[in-house]
Amino acid sequence: MKSLTSFARFVVFGGGTGVLSSLAVPLLAVLMPWTLSNALVTIASTVLCTELHARYTFRTGRRAGLRRHWQSAGSAAAAYAATSVAVFALHAIQPTPGLLTEQLVYLSASGLAGTGRFVILRLFVFATGADHETAKTAKTTGAVHTVNPPSMPKAAKTAGTHQPADVTTLPRPRRTPVSTGGLTAALSPS
């Protein structure tokens with residue numbers, strides 16, 4: 001259920017930003033060439049979407065960060081390439097397709113690319129593993145795991161001397177998920 005809610009938020013934020021972008025490009029094109037306007041709006045909307053996805057879609061609790069912005073931009077570029085290839089393939093098969101056929105191919109490719117992008121963002125870019133949750137919980141609750149150095153005598157550990165103190169360790173967040181089960185894993189509750 002959690003994944004379906006995340007997917008719904010992904011569609012709302014991504015689609016809403018897409019609609020706003022489609023309105024902003026022609027307005028900005030009054031001041032500059034259309035291709036430059038499109039490029040600027042695409043960059044701005046990708047940055048905005050990444051922040052929205054980090055904070056609200058996948059609820060990471062923090063800003064996206066530079067690494068996640070680059071990864072998200074890469075997935076957006078792959079989705080753009082997929083839709084472009086689909087329309088190019090349509091024109092190669094049928095040189096003069098009707099507007100309805102062209103829109104159907106574009107929207108189908110866009111829907112598949114968007115679903116693929118959601119899976120990539122959920123499994124890789126904004127993945128939260130069990131270690132990440134443990135570290136986050138320990139950090140917010142103040143719970144820490146202490147390890148006494150074995151070389152320190154027990155009397156020194158408890159005597160309050162100025163010898164080295166206990167070493168505090170927290171589990172490191174996992175950077176990649178343990179397994180990638182494809183679309184089924186992305187859409188299953190976690």
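A residue is called buried when its relative accessible area is under 20%, exposed when that area is over 50%, and partly exposed in between. The model is predicted, and the burial classes used throughout this report are computed from it with those cut-offs.

**Overall fold**

The protein chain contains seven helices and two strands, and, followed along the sequence, these elements are arranged in the pattern α-α-α-α-α-β-α-β-α. Of the 190 residues in the protein chain, 25% are buried. When contacts between residues at least 6 apart in sequence are considered, 60% of them join residues at least 24 apart. The protein chain exposes about 12500 Å², and carbon and sulfur atoms supply 69% of that area.

The largest nonpolar core has 10 residues, namely Phe10, Ala54, Phe58, Ala64, Phe118, Val119, Leu121, Leu123, Val125 and Phe126. Helix α4, which spans residues 99-125, gives the largest share of this core, with five residues. Phe126, one of the core residues, touches Thr50, His53, Ala54, Phe58, Thr60, Arg68 and Leu121 when residues up to four places away in sequence are not counted.

Helix α2 covers residues 34-57, and its buried residues include Ser37, Val41, Cys49, Thr50, His53 and Ala54. The buried residues of α2 pack against α1 (2-28), α3 (65-93) and α4. Just after α2, Arg59 takes a positive phi of about 45 degrees.

**Aromatic contacts**

Six aromatic pairs are found when the whole structure is searched. Phe7 and Phe10 form one that is stacked, with 6.3 Å from centre to centre and 20 degrees between the planes. Phe7 and Phe10 are three residues apart in helix α1, and they are therefore separated by about one helical turn. An α-helix has 3.6 residues a turn, so residues three or four places apart point the same way. Phe7, Phe10, Phe58, Phe118 and Phe126 together form one aromatic cluster.

How do the accessibilities of Phe7 and Phe10 compare with the cut-offs, and where does Glu102 fall? The table sets out the values and classes.

| Residue | Relative accessibility | Class |
|---|---|---|
| Phe7 | 26% | partly exposed |
| Phe10 | 8% | buried |
| Glu102 | 24% | partly exposed |

Phe10 is classed as buried because its relative accessible area is 8%, which lies under the 20% cut-off.

**Glu102 in helix α4**

Glu102 is located in helix α4. Leaving aside neighbours within four places in sequence, Glu102 is in contact with Val87, Leu90 and His91. The C-alpha atoms of Glu102 and Val87, which are 15 residues apart along the chain, are separated by 7.0 Å.

**The largest pocket**

The largest pocket holds about 1100 Å³ of space. The elements that give two or more residues to its lining are α1, α2, α3 and α4, and the largest share, 11 residues, comes from α1. In total the lining has 31 residues, of which Gly14, Gly18, Ser45, Tyr106 and Ser110 lie nearest the centre of the pocket. Ser45 is also among the buried residues of helix α2.

Conventions
Residues numbered from 1 in each chain as written. Predicted model: local features only at pLDDT ≥ 70, side-chain atom pairs only at ≥ 80, totals over all residues. Heavy atoms only, no water. Core = buried A, V, L, I, M, F, W, Y, C linked by side-chain atoms within 4.5 Å. Buried < 20%, exposed > 50% of the residue type's maximum accessible area, 1.4 Å probe, protein only. Helix = DSSP H or I, 4+ residues; strand = E, 2+ residues; numbered from the N terminus. Contact = heavy atoms within 4.5 Å. Phe/Tyr/Trp six-rings, centres within 6.5 Å; stacked < 30°, edge-to-face > 60°. Areas by Shrake-Rupley, 256 points an atom, 1.4 Å probe, with all protein chains shown as cover. 1 Å grid on protein atoms, 1.4 Å probe; cavity = no way out; pocket = protein on both sides within 12 Å on 5 of 7 lines; lining within 4 Å. Points joined across faces, edges and corners; volume = space filled by probe spheres on them.
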